[in-house]
Amino acid sequence: MPLPDHFLDELISRTDIVDLVSESVRLTKKGNSYWGCCPFHSEKTPSFHVVPDRQMYKCFGCGKGGGAINFVMELENLPFKDAVALLAQRAGMPMPEFARSGPGARERREKILEINRQAARAFHRWLNAPEGAQGLCYLQRRGLSRRTLTSFGLGFAPNRWDSLIAELSTQGYDKRDLLDAGLAVSNKDGRIYDRFRNRVMFPIIDVRGNVIGFGGRVMDDSTPKYLNSPDTPVYNKSRNVFALNIAKNAKTERVILTEGYMDTISLHQAGFSSAVASLGTSLTEEHGQLLARYYKEAVIAYDGDGAGVKAAQRAIPILEKAGLTVKVLRMQGAKDPDEFIKAYGRDAFARLLDQSENQVDYRLAQIQKKYNLTDDSQRIAFLQEAAQLISTLHSAVEREIYGGHAAQTAGVTPDTMKLEVERALKGRVRKAKKQQERRNLAPASQLQPKVRGLRYDNIRSARAEEGLLRLLMLDPGLAGSMDGITGSEFSSPLLGRAFDSLHSRILEGLSPRLAALAEEFSGEEMDHLAQVAAQPESAANSGQSLRDYISVIRSERLRQSGAEQNDDFLLAAQKKYQQKKAYMEEKK
C-alpha cells in the first residue's frame with residue numbers, strides 16, 4: 001500500500017536538503033546554491049550541486065540527482081519506504097501505521113543489527129572468561145590495555161562449533177537468523193555452525209554506532225589468518241572502514257590509513273585517534289569518498305614490504321580522486337606502525353608522521369627503483385615515465401618542482417626535464433582535445449539522456465517537454481493554464497509520466513517538488529529528471545513560455561503523425577505496385 005501523499009508532502013517540507021546533505025558532504029555556498037564533492041563517485045573538483053530553492057541535488061560528474069528521499073536511498077542503499085522511515089525518524093514524524101505493519105527490508109536490517117549487537121556482547125564477555133584466556137593473552141602480549149580492549153569492544157569466539165548459536169538461541173534467535181547475519185555458515189549437508197571459532201574478534205562499527213560485522217584472527221595455524229563477515233544487508237566491506245566511528249571525532253583533518261586492525265588499534269592507544277583501516281580488501285573508490293567526508297588529508301601508513309608498496313600505489317590515485325591531499329609514510333627499522341611504535345616510541349612516530357613524504361616524490365621513488373640510472377637507455381626510460389606522471393599534475397608550479405626532483409635524480413638539467421614534461425603534457429592535452437571534438441561533432445547526442453533506454457525520439461519536442469516540466473516546478477500556479485495538454489501528447493514517455501504526476505499533485509494541493517516522485521520513478525529516471533530540473537529556466541514570462549512549449553509539442557506531434565501517415569501511404573502504394581507486377585507476370 002503506498003504511503004499517503006499528504007504524509008510525504010509534510011516530510012519533504014520538513015526536510016531541508018542542504019541540512020541533510022551537509023551531514024555527509026562538505027558543502028560550500030556559491031550564490032544561491034551549494035557545491036561539494038559527490039558522495040556517489042570519486043572526484044577532486046566539486047561537481048555536486050545542491051539547490052535549496054528547488055530542494056534537489058544534481059551531480060554533473062556521475063549524473064546522480066533527485067530530492068531528499070532519493071539522496072537517502074542512494075547513500076544508504078535503502079528501498080523507498082526504508083529511506084522515508086529514516087527521514088521520518090530524523091524529522092520526528094511517526095510513520096503511518098500500515099507502513100510499519102509488514103516485515104520488509106528495514107525490519108530485516110534492524111534484526112541483523114540487533115543480532116550483531118548481542119553477538120558483540122557475547123564475544124566481549126567470553127574474552128574475559130576462562131574460554132577466552134588464549135585470546136586475552138594474545139592481545140595483552142600485543143601491548144593492548146584493558147581500556148583499549150573495552151573501547152574497541154574486542155572479544156573472543158570460543159573453539160566450539162555452536163557457541164554463538166547456543167548463546168543467541170536463548171534470546172529467541174534461530175540458526176537461520178545467524179545465517180542471515182553472516183554469523184553462521186551451512187555446509188553441503190545442511191549442517192549450520194558458527195562462522196567464527198577460536199578467534200580474537202574485532203567488531204566493525206559504522207559511523208552511527210551500529211555493529212555491522214566482525215573480523216576474527218585465528219589463534220592456531222588455521223586459514224585464513226583473518227576472517228571477515230560476508231556482505232549482508234547491513235555490511236559491505238567496500239563501503240565501510242574500520243574504526244571510523246571513533247576516528248571521525250578526532251580533532252584533526254588528517255586521517256592515517258593502515259593495513260589492518262591491530263595497526264589501527266595500536267595507533268589509537270598511542271594517541272593517534274584518526275587511524276583507520278580498510279576491511280580485508282584493497283582500498284576502493286567508496287572508501288575514498290567516505291574518508292573525504294571527514295578529512296582533507298590522508299597519510300598512507302601501510303607495511304613497508306612489496307605488498308604494502310603495491311597497495312599504497314593503488315590507493316594514491318583513489319584518495320586523490322576523492323579530493324584528499326595524499327602523503328606516504330616511509331618507516332625504517334620496522335615493518336608496520338605497531339612495530340615502529342613499540343621499537344621507537346610514540347614521539348618518534350609523531351615526527352615520522354609530520355615528515356611523511358608527498359605522494360609525488362613517493363611515486364617518483366617507486367619509478368626510480370625500476371631502472372638502473374647508471375645505464376643511459378634506462379635513465380632515458382626513467383625520465384620519460386617520470387614525465388608522464390608529472391604531466392598529470394594540474395599546477396605549473398608543481399610540474400616545475402617535481403620535474404626538478406626527477407632531473408636531480410637522473411642527473412640532467414631542470415630545463416631538459418621541463419621540455420620532456422611539456423611534451424608529455426601536450427600529448428595529454430591533444431588527446432583530450434580530440435575526444436572533446438568528437439563529442440562536439442554530435443551536439444544532439446549531448447541533449448540525450450545518458451541511459452540508452454530513456455533516449456528521446458524527437459529532440460525538439462523533448463526540449464519543449466523539459467521546459468514545461470521546469471515551469472510547472474517553478475510556478476505551480478500555471479497548472480490551470482495548460483490548455484488541456486497531457487503527458488500522452490509528449491514524445492518522451494518518461495517526461496510525459498513526470499508531467500502527469502506533477503500536474504496531478506498540484507491540482508490536489510500538494511508540492512510539485514522533485515522529491516515527491518521518488519517512489520514512482522527508478523533511480524536512473526530520477527537522475528535524468530534532476531538533470532532536466534537543474535537546467536536554467538526563467539519564470540519572468542512564464543505564460544508565454546508555456547504557450548510556446550505547448551505549441552512546439554503539438555506541432556511536432558502533428559508533424560510526426562503526418563510523417564507516419566505518409567509512410568503508410570508509401571507502403572500501401574508499394575504493396576499495390578508489387579501486386580500489379582505479380583499479376584502481369586502471371587498473364588505472361
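The dialogue below goes through core, cavities and pockets.

Modeller: First, the ground rules. This is a predicted model, in which local features need pLDDT of at least 70, side-chain atom pairs count only at pLDDT 80 or more, and totals for chains, interfaces and linings use all residues. Residues are numbered from 1 along each chain as its sequence is written, and side-chain values use heavy atoms, with hydrogens and water left out.

Biologist: How many residues does the largest nonpolar core have?

Modeller: In soluble globular proteins, nonpolar side chains tend to be buried together. A nonpolar core is a set of buried Ala, Val, Leu, Ile, Met, Phe, Trp, Tyr and Cys residues joined through side-chain atoms within 4.5 Å; buried means under 20% relative accessible area, with a 1.4 Å probe and protein chains only. Here the largest core has 46 residues, and those with the most contacts inside it are Leu 139, Leu 154, Leu 164, Leu 183, Phe 214 and Phe 242. Elements giving it two or more residues include α7 (133-141), α9 (163-169) and β10 (211-218). The top contributor is α6, with nine residues. Helices (H or I, at least four residues) and strands (E, at least two) are DSSP runs, numbered from the N terminus.

Biologist: What separates a cavity from a pocket?

Modeller: On a 1 Å grid over the protein atoms alone, a cavity is a set of points where a 1.4 Å probe fits but cannot get out, while a pocket is an open set with protein on both sides within 12 Å along at least five of seven lines; lining residues have an atom within 4 Å of a point. A volume is the space filled by probe spheres set on the points, which are joined across faces, edges and corners. This model has two cavities of 30 Å³ or more. The largest holds about 60 Å³, and Phe 242 is one of its lining residues.

Biologist: Which residues lie nearest the centre of the largest pocket?

Modeller: Leu 75, Glu 76, Asn 77, Arg 109 and Arg 208, out of 45 lining residues. The volume of this pocket is about 1500 Å³. Helix α3 gives the most to the lining, with six residues.

Biologist: And what is the volume of the second largest pocket?

Modeller: About 640 Å³. Its lining has 29 residues, with Tyr 226, Glu 259, Gly 260, Asp 263 and Asp 303 nearest the centre. α14 gives the most to that lining, with four residues.

Technical notes:
Buried < 20%, exposed > 50% of the residue type's maximum accessible area, 1.4 Å probe, protein only.
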